[in-house]
Amino acid sequence: MEICSVLLCSLLIASGVLSSQADGIKDFGNRPLEGLAVDLSPMSLDVLGGNVSLSFHFPSNFPGFSSARTLSVLVFDNNTGKILHTENVLLVRRQISVILPCEIFDHPVLYTFKYRISNSTFEAFISQTLPIQWGEIHIDSPTNHTALTRLGSIWIRHNRKCLPKTYRDEVNLYYIKGHEKIFLTRKYIRKLSNGKHRMPKRSWIRMRFTCDMFDTQGIYHFEYQTGFVNLTLAKSEAIHVYWGQQTLSSPVRTIFPCKITFAIAFPQPRCSFGRTQDAIMMGYRLPETEPLIEKPVEQGHTAAFFRCSLFKDYVHEYCFHYVTTSSITKTTVTVASLCLPTHPPGTSNDDGWSWWSHWGLCSSSCGRGKQHRYRMCFNVSTSKDKASTCAGKALMSRSCAHNPCPERYDAIDKEQNKM
């Protein structure tokens, strides 16, 4: 009989009818506690919008208060049925508040809650559920900006009381090229320092982006994306970026007289960080001509120097261009230009002979003839000035030939050629 009693007790303990506290066995059943009232606060919430409180009011006839017992609250994702968090408190008084930390509620879903009382058969879902939705997030940023300058700050406005624990939200910067969105850079919202979770102290987050991100004229915008499902929660207004008023200057007004080098000055680029593609190009004024030489803009320098031997005195004018190459579009654009005459007024080649004109028509339509071209002497008022300034002839002639003429025209052609 004693053997049967021992076996019966063992079966009852295994089936959950009896529980053994001495062995520390936690035997959970599926029976709600009669008379237990539970209040949920708040009844709805935005993602990461704050802590959630469950207030338990135990019936007066409940005898199970003990420091050896715990009340466990399990938080479930109603869509997947997965347990997201378990919070344990000592069951020592009739009214108990269980605080569920904010970071649990990091995605929009219906959350459900279950309680368990250790060393008992009491376990059940509470009737209240908690719906969570994405909260409001806004990005405040400038709408106009000058290329290659610091943007200043953007402000992330939010209503969150904590930051996510298992993923990181981010702010991405994009350049808009037609219908294409080109990713430039990102900054994460959550940062870890010494293994500790950094909490937001205010209802806004301030961010700064380096000036080299805005090295091209065009349209940009920011996007706030959650790392939970790579979903965009907010977009900034379009940021219109324009080229600034870059300037070129020279200490003199003409190329000549030039002794050793010729200097072109420019302001130190405000965005010197990472600027390795800027250059000063020198060439003729005509837009279709290729540049003659290119000088890189060196960090810390405010002038580029060109050897005097590069300049020819018969060229009327030279132009200098400050160019920059976009890291986004890989195109090179001119942001400033300066054109200077080669000679001072009254001393250039224009004060003497002009360029030769094109050759005129041949004097004969067949056989041999002559054609002429001419040039003019400028800026002289007397024949004496003309003799000293414009040496040489003003008219130049050369022979020209066509198909042989018919015989009856030979005599006429010979007479014309003698003239």
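A disulfide is taken here as a pair of cysteine sulfur atoms within 2.5 Å. The model is predicted: local features require pLDDT of at least 70 and side-chain atom pairs pLDDT 80 or more, whereas totals for chains, interfaces and linings use all residues. Residues are numbered from 1 along each chain as its sequence is written, and side-chain values use heavy atoms, with hydrogens and water left out.

**Disulfides**

| Disulfide | S-S distance | Torsion about S-S |
|---|---|---|
| Cys258 and Cys308 | 1.9 Å | about -75 degrees |
| Cys319 and Cys339 | 1.9 Å | 105 degrees |
| Cys362 and Cys400 | 1.9 Å | 80 degrees |

The torsion of about -75 degrees makes the link of Cys258 and Cys308 left-handed. This pair joins distant parts of the chain, 50 residues apart: Cys258 is in the loop between strands E20 (239-242) and E21 (261-265), and Cys308 in the loop between strands E24 (303-307) and E25 (317-325). Strands (E, at least two residues) are DSSP runs numbered from the N terminus. Both Cys258 and Cys308 are buried, where buried means under 20% relative accessible area, exposed over 50% and partly exposed in between (1.4 Å probe, protein chains only).

The link of Cys319 and Cys339 is right-handed. Cys319 in strand E25 and Cys339 in strand E26 (residues 332-341) are 20 residues apart. Cys319 is buried at 2% relative accessibility, while Cys339 is partly exposed at 28%.

The link of Cys362 and Cys400 is also right-handed. Cys362 lies in the loop between E26 and strand E27 (368-374) and Cys400 in strand E28 (residues 395-401), so the pair ties together parts 38 residues apart in sequence. Cys400 is buried, with a relative accessible area of 11%.

The structure holds 20 aromatic pairs, that is, rings of Phe, Tyr and Trp (its six-membered ring) with centres within 6.5 Å; planes under 30 degrees apart count as stacked, over 60 as edge-to-face and the rest as tilted. Tyr284 and Tyr318 form a tilted pair, 5.8 Å centre to centre with 35 degrees between the planes. Tyr284 is in strand E22 (residues 279-284) and Tyr318 in strand E25, 34 residues apart in sequence.

Conventions:
Helix = DSSP H or I, 4+ residues; strand = E, 2+ residues; numbered from the N terminus.
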